[in-house]
Structures are given as structure tokens and as C-alpha cells.
Amino acid sequence: MKGKIIEIKSDLNTAIKNIIKTLVQKKLFDAVFVPVRIPSRESFAYLLIKDKEILESITPLPPTMPVQGARALKDLTRLGKLNLRILCIMRPCEIRAAVELAKLRQITLQNLTFFSFDCPGVFPTAEYIKSPEKYDQNIIEKIKAWQEDGLRPNCSICVNFSHYNTPADLHIGFYRNHLLIYPVSKNSQKILDILSYRAEDDLTEWENSINTLLKKKKENRSRKFSLLSNQTKGIENLEEFFTGCINCHNCMRVCPICYCRQCFFESPEQSHHEAEEYLARAKEKGGIRFPPERMVFHLGRMNHMALSCVGCGSCEDGCPMDVPVGQIFSFIGNEVQKMFDYLPGKNLEEPIPLLTFKEDELHEYEDTREKK
Ligand code: SF4
Ligand code: SF4
Ligand code: SF4
């Protein structure tokens, strides 16, 4: 595997920023879509930047992810193809979500170029806001050491944090105070030419380090999934798992994949019932919990989007009640995706199984028990 290795002379964010600035100065891109620290300093937002001066203030590698990049990109391309050539700097799970949304016709990818990077994970937004300075320093240390404590739980079990399965044009790796440029798409040759780089350096050591980390993360993930499987077996356990949920639907609002403008679970048919109906249900069950339809919402949402869940954990990050909703969606998503041998967002050309219905399939999952 070949690429370009560059020594980091200052810090990671500055090193990436310098590459971006050169590409904009040399007019390969008209604008950059990248995280920037907000003026009050305790959070980050995606900005579409045309002004070269503002490029100075970007943070390509923020320690937290208050908004999932694909969700932000959806707003930018909602009205169709862009006439600007835009460079998007996003994490692997954000790029996969963007590709998944393109398959669902919610994002237009024309004229967009994606740079991904080895993602060390992000800190939970609520924790970051309490002490930004501590985490700003910490993220660089964590990248160097690939430590996982304190990260979003989904990041600790993320197995698609690097170039594998990430459909970027160019991937940036980190290894021993060096930055590695790995060209992925055909498009990337032009980028290397503009930067006067040749992809001739051997990237084997970096790739070996990624594979070692991947092995560890796969083990973490399989341990976590087996715990979740035991914890949520049967409807009573599942109810217990979601017991803290106040049915606010924030997990749905921050999820990049939940894109419906009118959610079925917020429609009058689903959420407005006559008092008599509730009374009848209360009589039947002995009592009903309010707000109602909590489990219907979670099971319905799972049913709608588990095949496309990229496991980013944004839903859990946005949950005010600390329900481990990102972990359970990731677990269920993984199970469903295995059934269809499908990894969301990996390949733009691969159709979403939900949109390619086959009448004759999945017999191995049929319940063959005789009905009484
Ligand atoms: S899930 Fe976490 S570790 Fe994986 S790519 Fe997304 S932010 Fe990075
Ligand atoms: S359900 Fe949660 S983990 Fe899955 S894509 Fe949506 S926000 Fe990310
Ligand atoms: S899981 Fe959390 S974010 Fe989702 S509806 Fe329940 S309380 Fe709200």
C-alpha cells in the first residue's frame, strides 16, 4: 500500500488545515465544508467556507460531534446539485451516512469531494461542554495513544474508523507524529498533483497499526453486543432497557439517517388518541404509561432504519436521559445488516436491501414452527 508520508511539525489540526488551504488557494475547490469552533468556544458547527481568511479558524479534527456531518450536508444539498466544487472534511461514519443518504435520494454527491481521516472517536457532547479545555488537549493525546476511555460508547466499539469501508476520495492517516495521505478514488490523483505529492511511500507500518487496533475494537464490540443481546432478550427486558426514555424523540431528530420530514410516529394518526381510547387500553392492561407509545416508537424506528444505521452514536449523544440508544441501534443494525450482507454507506453502487425487495429470500429466518 502506497501513499505520502509527511512529518507533523506543529499539530494535527494545523497540518490538515495547511493541506486544505493549499487546495483552496490553488483553486481546486471553491468552498470547504468543515467543523469550526463556535465563538463561545464550547462547541463546534459545520461551516461552508468560501472566505480564505475564515479557513484559518477551522478545526478539521474536533474532539466532539454535536451535529452529525451527513445531517448537516443534507441541508446543504437539499435542493439538488451544487454549482460549487466543495471539499468536505468528515469522519468515516459521517461519510458513510452521507453515501447512504445519497442512495435514499436525500443528498446529492455531485461536485463534492470527501477527505476522511483515522478517527480516534469523539467525546460525549454533554461532557465536552463542561470542560472544553481538558478535552481539547486530551483528543490529541488520545489520537497518539488510541485510548478509548471517556469516548462515546459507540466510538469504543466502532470498527469502521479508518480507510477500510470508507468511500472517501482521500484518506488521512496518523502514525508516530506523521500524517499519511492515502489516495482512494481516481479523483485523488489530481489532488496529489496539486499538492506536488507522489504516492510512493510505503504505508505498511501504518496499516499494521490500524489492523492491531481493529482487532481490539472487534473484540470490544463482540463483548458489548453479547452483553446487549442478553440484556434485551424478550419484550420485558427490552422495556426495561428503555425504562428511562421520556419519548422526546430527540434520538430521531439528531440521527442522520432518519430523514422523513413528517415522521410517522409524530403524525396525528399515531400520536393523538381520544381519551376514551387510552381509558380502554388502561382498563385492558391495568394502567398505561405516559407519554405513551414509547416502545412502538423505538421498535418502529429500528424497523425503518436499522439497515442503514452507521453506528455513529449521535442518537445516544442527543439523549437527555442517557438511554444507551446508540448502542442498541448499532447492535440491531449489525444483526440486520449481516442478514443482508450489507454495510451501509460503503459503496454508492450497492443498492439498499430495503429498496430491492425480493419475494423469494431469507427462508433461513422464517419461523417454521407449526402454528397452533
Ligand atoms: S463512530 Fe466514532 S470512532 Fe467511528 S467514525 Fe464515527 S466518530 Fe469516529
Ligand atoms: S440510529 Fe443512532 S447510531 Fe444509528 S445512524 Fe442514527 S444516530 Fe447513528
Ligand atoms: S431514547 Fe432518549 S432521546 Fe430517544 S426518545 Fe427516549 S429519552 Fe428521547
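1. The shell around ligand 1 draws at least three residues from each of domain 1 (2-222) and domain 2 (225-361). These bounds come from an automatic or database domain assignment. The model is predicted: local features need pLDDT of at least 70, side-chain atom pairs count only at pLDDT 80 or more, and totals for chains, interfaces and linings use all residues. Residues are numbered from 1 along each chain as its sequence is written, while chains are lettered from A and ligands numbered from 1 in the order in which they are written.

2. Ligand 1 is surrounded by 15 residues (C-beta atom, placed from the backbone, within 6 Å of the ligand). Closest are Cys-93, Cys-119, Gly-121, Cys-155 and Cys-158. Two elements give two or more residues to this shell: helix H3 (92-103) and helix H6 (153-156). Helices are DSSP runs (H or I, at least four residues), numbered from the N terminus.

3. By class, the shell holds 9 nonpolar, 4 polar and 2 charged residues. Here Ala, Val, Leu, Ile, Met, Phe, Trp, Tyr, Cys and Pro are nonpolar, Asp, Glu, Lys and Arg are charged, and the others, Gly among them, are polar.

4. Now the domain interface. The domain centres, taken over C-alpha atoms, are separated by 28 Å. In contact are 27 residues of domain 1 and 25 residues of domain 2 (C-beta atoms, placed from the backbone, within 7 Å).

5. On the domain 1 side, helix H2 (69-76), H3, H6 and helix H8 (204-231) each supply at least two residues. H3 gives the most, with 9 residues. This side has 14 nonpolar, 6 polar and 7 charged residues.

Key:
Contact = placed C-beta atoms within 7 Å.
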